[in-house]
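Let's take a walk through this structure together. Have the sequence and the 3D view open side by side, and follow along as we go.

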Amino acid sequence: MTEQSSIIIRKFELKDLDQVMEINKQTLPENYPESFFRTIHAELPSAFLIAEMNGKLIGYTMARIERGLSHYSIFHRAKKGHTVSVAIRPEYRRKGFATKLLKESIAAMIKHGASELFLEVRVSNIPAVNLYKSLGYEILKEINHYYRDFESAYLMVQKVPKTSKHTS
Ligand code: COA
């Protein structure tokens, strides 16, 4: 079996929480308490996904739906799919795993009615900015001093095509 074919993308389960928190701490300066992961999972379980290889958890993504002002039409409100976090263990990067996770998570957000997608990313995080661009996101604006260490973020957005099906 090739490395690529042994990857499994599946829904997060609460038994995965310790490993997800470990990957989050290992890979990102934005770390969250256990309660945050649990809340995100409870809100939209179908968009909280795990990448697993040979029984080892190698990455995750989590997302939620937010209702607020549209990024595309200033006087309108929209259901917006927000990717909150994505990370892959360093030794498993550049194999398309984040792409697989995000494609499935995006599909779940669209299924739950998201008409727009957005996320924030550090302006210095070139791998992530490229990843998001490859998935159709565009930089809408820079948010100054967004992070605790005062680094700025890019707000990246994309509109869901009207032809995409959703259930609510
Ligand atoms: N440099 C430049 N572009 C990169 C890159 C890098 N190091 N890593 C990924 N990309 C871009 C490329 O366009 C790549 O396509 P290609 O390999 O065909 O050129 C595309 O993203 C898809 O890459 P993929 O293999 O799916 O990404 P990954 O599994 O390596 O995961 C991250 C990418 C960003 C999730 C991973 O580097 C990571 O976990 N980083 C630390 C956590 C983090 O920064 N998360 C994002 C927070 S907003």
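Keep in mind that this is a predicted model. Which of them gives the most? That's α4, with five residues.

Now look at the shell as a whole. In total, 20 residues surround the ligand, and the closest are V86, R94, G96, T99 and N125. As for the space that the ligand takes up, that is the largest pocket.

Zoom in on the ligand's oxygen atoms and you can pick out some polar contacts. N125, already listed among the closest residues, has a polar side-chain atom 2.7 Å from a ligand oxygen. K95 takes part through its backbone instead, with a polar atom there 3.2 Å from an oxygen of the ligand. For R93, an N or O atom of the side chain is 3.4 Å from a ligand oxygen. How much of the ligand does the protein cover? On its own the ligand has 920 Å² of accessible area, and the protein covers 75% of that.

While you're at α3, find I106, which lies in that helix. Is I106 buried or exposed? Its relative accessibility is 11%, so I106 counts as buried, the cut-off being under 20%. If you'd like a sense of distance, compare I106 with A87: the two are 19 residues apart in sequence, and their C-alpha atoms are 15 Å apart in space.

Finally, move to the loop between β6 (138–143) and β7 (153–159), where you'll find H145. H145 isn't a glycine, yet its phi is positive, near 50°. The loop between β6 and β7 also holds F150, another non-glycine residue with a positive phi, in this case about 75°.

H145 comes in at 54%, so it counts as exposed. F150 has a relative accessible area of 58%, so F150 is exposed too.

How values were computed:
Residues numbered from 1 in each chain as written. Predicted model: local features only at pLDDT ≥ 70, side-chain atom pairs only at ≥ 80, totals over all residues. Heavy atoms only, no water. Near = heavy atom within 4 Å. Polar contact = N/O pair within 3.5 Å; in protein donor to acceptor, adjacent residues only side chain to side chain. Areas by Shrake-Rupley, 256 points an atom, 1.4 Å probe, with all protein chains shown as cover. 1 Å grid on protein atoms, 1.4 Å probe; cavity = no way out; pocket = protein on both sides within 12 Å on 5 of 7 lines; lining within 4 Å. Sits in = over half its atoms within 2 Å of the grid points. Helix = DSSP H or I, 4+ residues; strand = E, 2+ residues; numbered from the N terminus. Buried < 20%, exposed > 50% of the residue type's maximum accessible area, 1.4 Å probe, protein only.
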